[in-house]
Amino acid sequence: MIRVLFSLAALATVTSFEASAQERTQQSQPVAWAPSYVGSCSGCNLSGRNLTGWTLSGANYREANLEYAFMRGTQARETNFEGIVATGADMRAAVLTSAKLSDANLVNARMQAVQASGAEFKQSVLVGTNLQRAMLVGANFAAANLATASLEGADFSGANLTGADLSGTIMMSAIFNGANLSQAKLDAANAQGASFKDVRFVDANLTGLTGWHDADFDGACASQRTLLPRGLTLPDCE
């Protein structure tokens with residue numbers, strides 16, 4: 001009888017060990033996970049959170065706190081980011097096509113190589129923001145503040161920059177073909193190698209613009225109240 005009980009106890013121990021080992025093996029296997037949140041997170045506090053690679057397309061993050069958040073490669077097409085605070089956020093290579101970022105605080109944000117064609121940046125603050133190689137075709141930056149931002153190699157073709165402040169920006173090799181820069185401030189900006197083909201500079205301020213000798217102003221026009229750097233002349237806009 002004692003021998004039988006011992007055998008049953010031993011069998012139970014082995015079975016328990018095998019089950020535990022199997023559970024550990026299952027837990028160690030990689031699990032495919034695509035984090036996303038496409039609902040409403042208006043006013044959420046996501047400061048410093050890691051949203052790298054997340055899918056947020058079509059979601060509502062209006063007035064959310066995204067200070068220093070990690071959003072590298074985030075998919076956020078047509079997402080509502082109006083009024084967000086994203087100071088110092090890492091949004092490198094994020095997809096923001098047709099997203100709404102009006103009235104946003106993007107001071108010193110890292111937005112290199114973002115895809116934001118057709119996006120709304122009206123009245124947003126992007127002072128010191130890095131937009132190198134960003135795709136911003138047809139984006140709306142009306143009355144936005146981009147002073148001292150890095151715009152090297154960015155594509156603003158067809159963008160609306162009416163009344164935008166680009167003072168002191170580095171726009172070397174940037175493309176502004178067909179953009180509207182009426183009433184914009186480009187004073188003390190570096191435009192070396194930039195392309196301003198067919199740009200409207202009505203009532204704009206280009207005082208102290210450097211590197212303009214190496215920029216392309218073919219088809220660009222200005223108004224009598226446009227302030228141009230000495231030596232640069234542009235025909236009147238019709």
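Visitor: Is Cys44 buried, exposed or partly exposed?
Guide: Cys44 is partly exposed in this predicted model. Its relative accessible area is 22%, which falls between the 20% limit for buried and the 50% limit for exposed.

Visitor: And which residue is Cys44 joined to by a disulfide?
Guide: That would be Cys41, with 1.9 Å from S to S. Cys41 counts as buried, because its relative accessibility is 12%.

Visitor: What's the handedness of that link between Cys41 and Cys44?
Guide: Left-handed, with -115 degrees about the S-S bond.

Visitor: OK, how many disulfides does the count come to?
Guide: Two. The other cysteines to look at are Cys221 and Cys237, joined with 1.9 Å from S to S. The torsion about their S-S bond is about 95 degrees, so this disulfide is right-handed.

Visitor: Where do Cys221 and Cys237 lie?
Guide: Cys221 is in strand β2, residues 221-222, while Cys237 is in the segment after β2, so the pair ties together parts that are 16 residues apart in sequence. Both Cys221 and Cys237 are buried.

Visitor: What pattern do the disulfides follow along the chain?
Guide: It's 1-2, 3-4, if you count the bonded cysteines along the chain.

Visitor: Switching topic: where is Thr169?
Guide: Look in the loop between α1 (2-28) and β1 (200-201). Thr169 is buried, with a relative accessible area of 1%.

Visitor: What does Thr169 touch?
Guide: Leaving out residues up to four places away in sequence, its contacts include Leu146, Thr148, Leu151 and Asn190. Also, a polar atom of the Thr169 side chain lies 2.8 Å from the backbone oxygen of Leu166.

Note on methods: Residues are numbered from 1 along each chain as its sequence is written. This is a predicted model: local features need pLDDT of at least 70, side-chain atom pairs count only at pLDDT 80 or more; totals for chains, interfaces and linings use all residues. Side-chain values use heavy atoms; hydrogens and water are left out. Helices (H or I, at least four residues) and strands (E, at least two) are DSSP runs, numbered from the N terminus. Buried means under 20% relative accessible area, exposed over 50%, partly exposed in between (1.4 Å probe, protein chains only). A polar contact is a pair of N or O atoms within 3.5 Å; within protein, one must be able to donate a hydrogen and the other to accept it, and residues adjacent in sequence count only if both atoms are side-chain atoms. Contact means heavy atoms within 4.5 Å. A disulfide is a pair of cysteine sulfur atoms within 2.5 Å.
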